[in-house]
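Welcome! Have a look at the sequence and the model below, and then we can walk through them together.

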Amino acid sequence: MGASLRAVKTQAKSGSVKILKEYPQQGIKIRCDEVRLRQVFINVLSNAVKFTPAGGQIEIAAALEDNGGLCIAIRDTGIGMTEHEIEAAFEKFRQIDNSMTKRFEGTGLGLPLAKQLAELHGGAIEISSEPGAGTEVRIKLPAARIASAGLPEALKRAVHPALAYAGKPAASEPARPAAA
Ligand SMILES: Nc1ncnc2c1ncn2[C@@H]1O[C@H](COP(=O)(O)OP(=O)(O)OP(=O)(O)O)[C@@H](O)[C@H]1O
Ligand SMILES: [Mg+2]
């Protein structure tokens, strides 16, 4: 995520768009094809920068969901899209005709590709948007792709007394998810 951000920072600076981030849970590891997932982030982030006029703002928030999946939301205060335009945006080679798509380069492949790559990871991309107000793109990855940095608290509590009682180290880490 950090690397993807660096990739779009210069673009954001030249367009005077501010980027804010908020990651409440640190140390989340994702089991993924790193290059491909980075492509997803860069695609979505660069769209947010591209379709947000100067003075606007982009917010990135990553959080674990109740089902154990990860949701990364990228919100902008840009030009937004209608329901119909959101549908078109997911189609290959479709660019919505507006002043900003005319002003910027693009092939209209970014989003369809991002969607496909997210789906290859068992995930999805959702968009909510309002014309003139802004857009939120949610990149979702399933629980099977997530390995948090440490053992979950409940599991730690369950494992520790057992260790103390049996006096055997390490032999009991059955429920631990495979390391990323
Ligand atoms: N954050 C956004 N705000 C407003 N419109 C958007 C946003 N993201 C995408 N769109 C619309 O959806 C269209 C398709 O997006 P997509 O990323 O596929 O193409 P692109 O950015 O124009 O070109 P490319 O990504 O291939 O360089 C865009 O041309 C734009 O009209
Ligand atoms: Mg794009």
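At what angle do helix α2 and helix α5 pack, and how many Å apart are their axes? Helix α2 (residues 34–50) and helix α5 (residues 110–120) pack at an angle of about 145 degrees, with 9 Å between their axes. Axes here are lines fitted to C-alpha atoms, for helices over the stretch in contact, and angles run from 0 to 180 degrees between N-to-C directions.

## Before going further

This is a predicted model, in which local features need pLDDT of at least 70 and side-chain atom pairs count only at pLDDT 80 or more, while totals for chains, interfaces and linings use all residues. Residues are numbered from 1 along each chain as its sequence is written, and chains are lettered from A and ligands numbered from 1 in the order in which they are written.

## The chain as a whole

The chain has six helices and seven strands; helices (H or I, at least four residues) and strands (E, at least two) are DSSP runs, numbered from the N terminus. Along the sequence they follow the pattern α-β-β-α-β-β-α-α-α-β-β-β-α.

Of the chain's 180 residues, 22% count as buried. A residue is buried if 20 or more other C-beta atoms lie within 10 Å of its own, exposed if 12 or fewer, and partly exposed in between, with C-beta atoms placed from the backbone. Among contacts in the chain with a separation of 6 or more, 64% come from residues 24 or more positions apart; two residues are in contact if their C-beta atoms lie within 7 Å.

## Where α2 meets α5

Back to our pair of helices. On the α2 side, R36, Q39, V40, N43, V44 and N47 take part, and they meet G110, L111, L113, A114, L117 and A118 in α5. The residues of this contact divide into seven nonpolar, four polar and one charged. In this count, Ala, Val, Leu, Ile, Met, Phe, Trp, Tyr, Cys and Pro are nonpolar, Asp, Glu, Lys and Arg are charged, and the others, Gly among them, are polar.

L117 lies in helix α5 and is buried, because 21 other C-beta atoms are within 10 Å. Leaving aside neighbours within four places in sequence, L117 is in contact with R36, Q39 and V40. The C-alpha atoms of L117 and V40 are separated by 6.9 Å, although these residues are 77 residues apart along the chain.

## A closer look at each helix

The end C-alpha atoms of α2 are 24 Å apart, which agrees with the 24 Å that its 17 residues should span at 1.5 Å a residue. That expected span is 1.5 Å times one less than the number of residues. Buried residues of α2 include L37, F41 and L45. I42 is also found in α2, but I42 counts as partly exposed because it has 18 C-beta neighbours inside 10 Å.

In α5, the buried residues are L111, A114, K115, L117 and A118. They cover an arc of only 170 degrees around the axis, so they sit on the same side of α5; the arc is that of the directions from the helix axis to the C-beta atoms. Their cover includes α2, α3 (83–89), β5 (124–130) and β6 (134–141). Just after α5, G122 takes a positive phi of about 80 degrees.
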